[in-house]
Amino acid sequence: MATTSDFKNGLVLEMDGQLYQLIYFQHVKPGKGGAFVRTKLKNLRTGAVVDKTFRADEKVPLAVIDKREMQYLYREGTSYVFMDSDSYEQLPVDAGELGQAVRYLKEGDTAVLPTYQDRVIGIELPAAVELTVTETEPGVQGDRVSGARKPATLETGLVVQVPLFVEPGGRIKVDTRTGEYLARA
């Protein structure tokens, strides 16, 4: 159990059988009445953000999240198989638990998998990943408008908008938070 005075961004709470990550909090001391804490909590299962108010020094159940660095090995049906970097134990993870992050995963990549009660609850990727362009239209000679973009399909199946000079077989960096092209790799 933790109190509202222990709050810090990123803390994971267990309420109503759901896990919520604290993304914002503010202690409020009005001139009249008792102090309270305003929070914004993100549901780790659905991604929904909710506002909740707690009384000052209210006890809140804390969730203990274990983060394990794992290497992505291969896909098996609807599951993605990861290997623990320390114990070499293999762990199949359902695609639903990983969300949209699977668009940036390729075999051999390393990621951090947060687990709660021996169940994977998400995935943490690096801010940017390097991927190979498998298919894109050639840039037309003379069509060099500044900032012009074209769609490119990457090795994971992800489609991003890239500058006209990017060719098939080229390696590019993609931002995993926004899904946008960053630079040549």
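Modeller: **Salt bridges, pair by pair**

E124 and K67 join their side chains in a salt bridge, at 2.9 Å from N to O. A salt bridge here means a side-chain nitrogen of Lys or Arg within 4 Å of a carboxyl oxygen of Asp or Glu. This pair links distant parts of the chain, 57 residues apart. K67 is in strand 7 (residues 66–76), while E124 is in the loop between strand 11 (119–120) and strand 12 (128–136). Strands (E, at least two residues) are DSSP runs, numbered from the N terminus. E124 is partly exposed, at 34% relative accessibility. Buried means under 20% relative accessible area, exposed over 50%, and partly exposed in between (1.4 Å probe, protein chains only).

A word on the source. This is a predicted model: local features need pLDDT of at least 70, side-chain atom pairs count only at pLDDT 80 or more, and totals for chains, interfaces and linings use all residues. Residues are numbered from 1 along each chain as its sequence is written, and side-chain values use heavy atoms, leaving out hydrogens and water.

Next, R68 and D84. Their closest N and O atoms are 3.0 Å apart in a salt bridge. R68 lies in strand 7 and D84 in strand 8 (residues 79–84), so the bridge ties together parts 16 residues apart in sequence. D84 is buried, with 8% relative accessible area.

Then D175 and R177. Their side chains meet in a salt bridge at 3.2 Å, N to O. D175 is buried at 9%, but R177 is exposed at 65%. Shared partners also join R68, D84 and E89 into one network of salt bridges. In total, the structure holds 8 salt bridges.

Notes. Helix = DSSP H or I, 4+ residues; strand = E, 2+ residues; numbered from the N terminus.
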